[in-house]
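Subject: Structure handover

Hello,

Please find the structure below. My notes on it come after.

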Amino acid sequence: FTESDGVPSMAPRYAMFDHAGNVWVSFVNDYIARFDGIHWTSWKGGDGSDIAEDGKGGIWTGYNTGICRLDGETWTRQNAEYGFSFLACNDTLWVGGFSDVLRFNGKIWDHWKIVDKSPNPYVLALLRDRRGNIWAGTTDGVSRFDGNQWTHWKTDTGMLPIYDTCLRIPTVTYGLLPEPLTHRQISVIRRNTECMSLTVSPGNT
């Protein structure tokens with residue numbers, strides 16, 4: 001699909017499917033769009049952030065005015081904080097922003113600052129593992145929330161040689177895969193009872 005088909009930009013960043021099968025795409029140059037299988041519908045004002053659907057079918061993303069939710073065909077601001085990454089778990093929304101993580105239960109916003117000292121303190125990725133822990137990929141390492149507190153592994157400890165941290169849960173392991181794979185690659189972080197092992201390989205592949 002190109003602009004002649006109704007795509008608002010040729011610079012997509014994030015995409016997801018909603019429960020109805022629509023495709024949602026955010027674009028670098030301030031657009032967010034929905035494809036229903038036939039037509040593209042787009043809105044101006046998105047900021048190329050991640051997209052998530054909550055348990056009630058609401059679509060969330062980061063707008064240039066803050067964290068927004070789509071109500072019908074109109075985006076309404078729910079929080080003035082900026083959101084880069086979004087994760088919806090049933091009735092709870094998690095948002096990663098500038099150095100912090102926010103949690104919204106539909107009524108109350110909770111807030112944690114997890115990146116303290118970094119020239120670009122961004123929380124770029126969020127995921128939930130099979131045990132219910134929330135993982136955050138940041139520009140300064142990886143953080144995990146166990147339901148009570150955050151634990152942070154920083155890149156300057158030598159444990160996590162990651163340039164930009166994104167997170168993936170492989171289907172066959174209890175692990176994480178970072179990407180892009182820039183200077184050195186952590187191929188898998190695997191938990192075995194209480195032991196966490198890291199396999200690190202050099203190179204740019």
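This is a predicted model: local features need pLDDT of at least 70, side-chain atom pairs count only at pLDDT 80 or more; totals for chains, interfaces and linings use all residues.

Residues are numbered from 1 along each chain as its sequence is written, and side-chain values use heavy atoms, with hydrogens and water left out.

Strand β15 covers residues 141-145 (strands are DSSP runs of E, at least two residues, numbered from the N terminus). Of its 5 residues, 5 are buried (under 20% relative accessible area, 1.4 Å probe, protein chains only). G141, S143 and F145 lie on one side, V142 and R144 on the other.

β15 runs antiparallel to β14 (residues 134-138), with 5 bridges between the two (strands pair if DSSP finds at least two bridges between them). T138 has G141 as its bridge partner, and a hairpin through 2 residues joins β14 to β15.

β15 is also joined to β16 (residues 150-154) by 5 bridges, again antiparallel. Here R144 is the bridge partner of T151. The hairpin has 4 residues between the strands, and G147 in the turn has a positive phi of about 105°.

D54 sits in the loop between β5 (46-53) and β6 (59-63). D54 is buried because its relative accessible area is 16%. Its side chain reaches the backbone nitrogen of K56 at 3.0 Å and that of G58 at 2.6 Å. Leaving aside residues up to four places away in sequence, D54 touches W60, R69, A88 and N90 (contact means heavy atoms within 4.5 Å).

Regards

How values were computed:
Buried means under 20% relative accessible area, exposed over 50%, partly exposed in between (1.4 Å probe, protein chains only). A polar contact is a pair of N or O atoms within 3.5 Å; within protein, one must be able to donate a hydrogen and the other to accept it, and residues adjacent in sequence count only if both atoms are side-chain atoms.
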